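Biologist: Please take one part of this model and go through it closely. I would like to know what surrounds it and which way its residues face.

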Amino acid sequence: MPPLTGHTVDGERILLKHGAGGRAMRRLIAETFLTAFATDPPERAGILGLSAMDDGGAVRLGDHWLVVTTDSHVIQPIFFPGGDIGRLAIAGTVNDLAMMGATDVLGLTCSVIIEEGFPRRDLERILTSMRVASVEASASVIAGDTKVMGAGEIDGIVINTTGIGLTRHLIRDAGLQIGDRIVVTGTVGDHGMAVMALRHGLQLDSDLRSDVAPLGALIRAALDASVNGVSAMKDPTRGGVAGALHEMAVKSGVGVVLVHGDLPVRPEVRGVSELVGIDPLFVANEGKALLGVRPGAVREVLAALRAHPLGRDAAVIGVCIPDHTGNVILDTGFGRRLVAEPDGELLPRIC
Amino acid sequence: MCLGVPGLVVRVDELTAVVDFWGVRRRVRLDLVDEPVSVGDYVLNHVGFAIRRIAPDDVEMTLAMYRQLLAEAEGDDLMAADVRSEIKAGAGSEE
Amino acid sequence: MNAPLEFRDPVQARELCGALARATDSVGGGPASVMHVCGSHEQAIAKFGLRAAFPKALNVIMGPGCPVCITDQPEIDEAIALATQGVRIATYGDMVRVPGSAGALADAQAGGAKIDVVYSVAQAVEQARETTEPVVFFATGFETTAVATAAVLLRGVPSNFFILSAHKYIPPVMEIVAEMPGTRVQGFLAAGHAATITGYGVFEPFVERHGLPVVVAGFEPLDILAALVKLVEMIGRGDRTVVNMFPRCVSRDGNANALRQLWEVFQPIGGRWRGIAHVPNGNLRLRDEWAAVDARRQFTIDIASLWRHAPASLVRQCICGNIMAGIASPADCALFGDACVPDTPVGACMVSSEGTCRIWHEYGGVPDLRGASCPL
């Protein structure tokens, strides 16, 4: 067994927290990937590249932007209430494109790495799920790759999807302005809590379901509802609403105040969060989006969202302020406090 | 220390009960409670064990206790206000 | 089920805050200092943003009430040593990232050790039933949690199930804090859930000896605020008693059934709490009758090998002990925010979600957010 040397382990080895979507992951990316892939000279005009660390990259094509994004999916368990790894693989990539404004999906790729011994029936179930999600998203898988690794060399199945889309108007996660309202398209914490309830043997009996869904049409409706009314977008996946808003606040140079009483949270999600001591603001959402909306456009955007089946619970949950830039503040109803930046793997606590 | 979460008992079996926490149900062990638990009681749950039965009346009793506390605290303050205004009136008449 | 939400009514909370401000003013003689000894109290205070609502003249200090924080390095090392020896360890989520002398269980996991996070000790027993290899449950937490460990043992466990007990017992540490030189604590909030088990009678000798009032408090915002109002009023009047402000869960004698099971399985012995020095009767160890399930007696645990790699100098500079005793703040620590941050914690106060240093770091000290402009 190699020696465990406390602090230096972090420096020598990649740990689970580096994939959790929080501070540790961003640091790893900045220190390794950004350094390795930095272009010399820096990115030319007409390219939104890695340094922006947005939901995707983009290349100017005439009066459009071609947006590209990629995601690998390693979720365990692979089948969960409300969805599976296949649905997640399609929705995740379609949603990242939508977050940049590219609701018009040109095509998707699907690359799988399968563990030897994986049941074929499960593979077929996953692919069926992907087909259903693709139809919902009006997107097609047009290229792919298949690999098999030996038993024990990989855990079940890993799916990577890449998507390309077009948009006239590129929306960044750095676009929040003072006075903009923060709108969430529906209830918070559904996916993360549904998965949490399955893990660690919590043995909970509930109707908790993942919210995994492709959001292209919903976002299109919001963008069409007002001209330039949406200033910024991001989907709160790993790291939750807290993580996504932190990034938006830092990149935009504003502070964000969230009002706890305005957060739409399903009672069962609140129940699990109380039981395991994990805040719904920190867990992943796979069928929701955060929008920064100009004050004058809130009414139309909210109406457009709520008219769509995936946006019925859309709500204004916060506002951008000039103070405390880069921070997210929660008004709890009793007082105010900072919302911590998510950090590392979320574990149930007893304490 | 003690992430204790209150939940509503919806079913009791011999050694366990099914408890509802905001619509989520979990089977909870009854080894540690010191009185029998019935459907409709609340129990305090900690790491999968009920550690205390909370009778339905207790919730209202506690809320009443807090209202009383406030009334007493305000009562003190009203008295102080009376005294202050007397002092002020007295001081005014001496000038 | 809405009853608990009534304990979160913001209108009543504001009224209680007003009462707390008035009570604090009437104490006089400089700022008032009270201490709570429960991680869940600190969590609730932080989660509901109550610190921003406390009067400025009131110091609500978090004492050594976080079982994660006070689990000593050698105890963590024992679990890590077993794990690196190839033994399967089950433990509560809180403990996975707490640093021992040389890394945490999470590091052992990254190195290939088998660590399972469980929500209940009963799950660890289930795991042992489903395998033939030994399963050691690394048992942490105060008496509230120790009773669950006792209950599963008394029901019977398979022969491949063992307990490595790092359970702690809270009442003795209040004595230590009360006797610490430099302490300004004028009263204590006692942890409501632990008192559910022990009863509030255990605090009467303490109050007698030290003349400091104790109020037993629950964990909802109204519970905490009401208990603080009561405690500060008692300080102002010079009352020296125990008051139970959590009657829906706490009685004078506690839960006799749970206590019987606790003492049938465990005995209190003196031990070190992380950074706090020796706490007489502060640790709970398995009684001799339970030797067959005691990991310390059934395994040879080699922790010396870990100590060869310990970053000892950093550990020596850690002042978590003083912070937990309320006589220093994170700002007083040379490592805070620099060598010791949530990503690379040196002391347990930085690991636990209730640790004082962690909360200071995450929430930016004790920020006054009242000034933040909000057009909503």
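Modeller: The part is helix H4 of chain A, and its buried residues pack against strand E5 (83-84), helix H3 (85-99), strand E6 (104-115), strand E7 (141-149) and helix H6 (216-225) of chain A. Helices (H or I, at least four residues) and strands (E, at least two) are DSSP runs, numbered from the N terminus. Residues are in contact if their C-beta atoms, placed from the backbone, lie within 7 Å.

The model is predicted, and local features need pLDDT of at least 70, side-chain atom pairs count only at pLDDT 80 or more, and totals for chains, interfaces and linings use all residues. Residues are numbered from 1 along each chain as its sequence is written, while chains are lettered from A and ligands numbered from 1 in the order in which they are written.

H4(A) covers residues 120-137, and these 18 residues should span 26 Å at 1.5 Å a residue. The expected span is 1.5 Å times one less than the number of residues. The end C-alpha atoms of H4(A) are 26 Å apart, which agrees.

The buried residues of H4(A) are Ile126(A), Ser129(A), Met130(A), Ala133(A), Ser134(A) and Ala137(A). Seen down the helix axis, the buried residues of H4(A) fall within an arc of 140 degrees, so they line one face. That arc is taken from the directions from the helix axis to the C-beta atoms. An α-helix has 3.6 residues a turn, so residues three or four places apart point the same way. On the other side of H4(A), Arg120(A), Arg121(A), Glu124(A) and Val135(A) are exposed. Buried means 20 or more other C-beta atoms within 10 Å of the residue's own, exposed means 12 or fewer, and partly exposed lies in between, with C-beta atoms placed from the backbone. Just after H4(A), Ser138(A) has a positive phi of about 50 degrees.

Now the domains. Chain A is assigned domain 1 (1-38), domain 2 (47-167) and domain 3 (181-338); such bounds come from an automatic or database domain assignment. The centres of domains 2 and 3 of chain A, taken over C-alpha atoms, are 22 Å apart. Their contact takes 23 residues from domain 2 and 21 residues from domain 3 of chain A. On the domain 2 side, H3 and H4 of chain A are the elements that give two or more residues. H3(A) gives the most to that side, with 10 residues.

Technical notes
Two residues are in contact if their C-beta atoms, placed from the backbone, lie within 7 Å.
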